[in-house]
Amino acid sequence: MRSSYLLRLLALPLISSAIAARIEQPTAELSLPKRAEAAGGKFEGHDDKTTTDGGLKGTTFNGKNVPPGIELEGATLDEQIKDGYWLVEFFSPYCHHCKAFAPTWQTLYEFYYTQDVLPQTPGSGESDSDLNSFSRYYDFHFAKVDCVANGDACADKEIRSFPTIALFKDGVKVKANVGAKDMKYMSGWVEEVLESIRPGSRPKGGPKLPKVGDHEVEKTLMPEQPPMPAGEKLGAAATATASTSKSTVSATRIPEAPNPVGKSTPLTAENFQRLVTTTHDPWFIKFYAPWCQHCQAIAPNWQGMARQMRDKLNIGEVNCEVEKRLCKDVKVHGYPTILFFRGGERIEYDGLRGLGDLIDFANKAVAVADPLLDVDAAKFEELEQKEEVLFLFFYDHATTAEDFAALDRLVMSLIGHARLVKTSDPVLCERFKISTWPRLLVSRDGKPTYYTALSPRDMRDFRRVLNWMKSVWLPIVPELTASNAREIMDGKLVVLGIISRDRPEEFISAKREIKNAALEWIDKQTQAFQLERQELRDAKQLRIEEAEDRNDQRALRAAKSIRINMDDIERKEVGFAWVDGIFWERWIRTTFGISVLSDNERVVMYDYDNHRYWDNTMTGNPIVPSRTSILETLPRVVSNPPKISPKSTTTALGHVWWVLRGQVFEHPLVSTGLALGVLIGFALFARRHVKLDKLPTGYFKVGEKGGPMDGLLGGNSGTGGQGKVD
């Protein structure tokens with residue numbers, strides 16, 4: 001028994017070494033050793049020469065450049081994978097299974113990264129900012145984590161074996177596989193995820209896969225991409241492989257021009273998803289009802305616009321009486337509703353419905369398909385001469401794909417309002433004093449206004465950035481039109497120049513004077529704002545110092561807790577605009593009593609919310625389009641109370657009508673309730689005041705004279721004789 005016991009003791013080291021040879025992974029409880037040197041090995045590179053240490057190196061596939069893959073670090077792992085889908089391999093450079101799996105992982109990454117997901121759109125797909133980028137279209141990324149160098153992060157993710165491939169969605173692990181897998185298995189997993197992200201976008205039966213180590217493969221036919229004719233396919237293949245012995249045949253079609261016949265395409269629930277929502281093609285679509293008078297009025301202009309957009313932009317229309325479910329899914333609440341779609345994004349057109357207005361918007365929408373323009377100082381100055389409002393995005397080498405993806409989402413919302421460009425030019429950075437990247441500003445007539453949020457999260461916050469853009473996307477002195485009137489006037493005192501295009505010299509001079517007055521007023525308000533903020537800061541500092549001198553800890557804490565919020569200070573915002581006095585002559589005459597034909601160019605300061613205006617200076621003279629006249633009058637108008645008496649745009653009776661119309665008649669529920677109340681009141685009134693003797697006889701009233709039963713009480717019997725009398 002003693003000898004067997006000794007044999008067991010001698011066998012323990014052999015057992016432990018055998019287990020260590022078969023299982024080459026750290027456990028969550030053990031601390032991982034530090035990485036001393038690159039492992040290397042013939043299994044890592046495709047050519048048996050490249051050393052990757054299990055990482056993803058930059059190569060080429062199907063003739064496209066593939067950048068080095070993303071290698072995640074433990075300290076920033078959660079932050080990097082918090083958005084989108086991430087397929088991550090957790091590996092050890094000492095694990096021979098990881099080395100054997102490295103070529104499969106590298107080929108898988110190259111194959112998917114270079115896929116033409118939307119070959120009908122511009123862009124090579126070699127950059128995440130391209131419209132034809134696989135990573136951008138699916139928001140799907142490949143990455144690796146070295147668990148020797150980042151042991152704590154791997155332990156946090158419960159990685160106990162190598163290699164482990166895990167799928168993360170918005171930072172949450174949804175699935176994991178342990179051990180090396182072949183190309184077919186990995187591709188099947190990826191295809192399943194991609195189909196769930198964008199249904200209908202993946203080929204049935206899966207793509208044609210390359211062999212491990214290959215640098216090219218025949219491209220797979222994607223949905224809604226009919227095969228090229230045989231002659232063209234052979235020609236394309238011959239051209240593509242003229243210098244190589246191995247051919248790569250492209251099965252994708254040459255993109256066709258949009259709207260080839262110049263007509264509005266009727267869309268149904270069956271083809272809407274196939275043509276619009278699952279493609280990256282831009283579509284301008286009208287949702288209408290045949291009985292709607294406004295829809296009938298816009299129909300000729302819509303067809304005319306479709307003819308003008310031939311070979312430029314897809315135009316469509318949906319009959320909501322037939323396609324009720326589709327219109328409900330799109331959330332159409334009124335007719336006509338006009339929407340612009342592109343790549344799953346959409347915006348609503350709320351402009352005028354004339355032919356010229358529709359064509360103008362459509363032409364600007366066509367430019368959305370173009371990549372975001374990268375400008376230098378000279379090009380930007382050239383654009384400033386053409387555009388009144390320009391948004392400028394500053395980036396550097398450290399700007400991420402997520403930053404550019406958030407930027408691209410903004411382009412559609414700016415259609416018809418302003419233009420967005422990007423730059424990394426040091427000259428422009430010096431001009432606008434940019435020292436942190438990325439950064440966003442708007443240039444209006446050369447005057448910059450900066451987006452104040454600087455953190456990466458705020459720069460990628462689509463809603464927050466868009467709300468800021470909406471507040472500054474109008475020119476400093478815009479033209480007042482029916483489509484932007486509410487945006488210009490709501491909550492503001494508007495310095496409104498009433499001028500005429502029919503007098504070109506006066507027109508140019510008046511616009512220049514109003515703009516000069518606006519720029520000077522903005523500068524003064526900026527200085528006053530900064531001075532007021534500094535005064536509040538000084539007051540807070542005085543309270544802190546006073547509390548410290550008295551050694552009053554309670555007062556000191558209260559003083560330090562004071563938060564200076566300039567938004568809480570009530571002030572009337574001032575805007576500037578001009579209006580064509582000839583085109584809007586009737587409205588101007590009935591509202592302000594001014595006619596540009598007889599009164600020449602004039603200026604009114606209009607408080608739309610309170611239905612009042614000022615058209616005279618302190619001396620009683622009319623306000624004219626002059627910098628001096630405007631700046632002398634404006635401070636007296638914005639003071640509280642105003643130092644110049646205002647005029648009303650309505651009479652007392654008109655004010656009552658305005659209140660009733662705005663608060664009662666234009667509110668659907670209140671209007672319905674009021675109508676029901678009137679009907680009920682009328683019914684009660686009629687019931688009380690209609691005489692009973694005029695109603696159809698069906699009963700008699702005792703003691704009623706002249707009735708057919710009077711004889712019962714001794715009255716007239718109706719026959720002329722006398723009845724019995726007591």
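Author: What follows is an account of the aromatic rings, their pairs and their surroundings. The model is predicted, so local features need pLDDT of at least 70 and side-chain atom pairs count only at pLDDT 80 or more, while totals for chains, interfaces and linings use all residues. Residues are numbered from 1 along each chain as its sequence is written, and side-chain values use heavy atoms, with hydrogens and water left out.

The structure holds 34 aromatic pairs. Rings of Phe, Tyr and Trp (for Trp, its six-membered ring) pair if their centres lie within 6.5 Å; planes under 30 degrees apart count as stacked, over 60 as edge-to-face and the rest as tilted. Y395 and F404 form an edge-to-face pair, because their ring centres are 5.4 Å apart and their planes stand at 70 degrees. Buried means under 20% relative accessible area, exposed over 50% and partly exposed in between, with a 1.4 Å probe and protein chains only. Y395 is therefore buried at 16%, and F404 is buried at 14%.

Y606 and Y608 are also edge-to-face, since their centres lie 6.1 Å apart and their planes are at 85 degrees. Y606 is buried at 5% relative accessibility, whereas Y608, at 26%, is partly exposed.

Y395 has a charge over its ring as well: the charged end of K422 sits there, 5.8 Å from the ring centre. A charge sits over a ring if NZ of Lys or CZ of Arg is within 6 Å of the ring centre and within 35 degrees of the ring normal. The charged end of R409 sits over the ring of F462, 4.2 Å from its centre.

Elsewhere, one aromatic cluster includes F61, W105, Y109 and F142.
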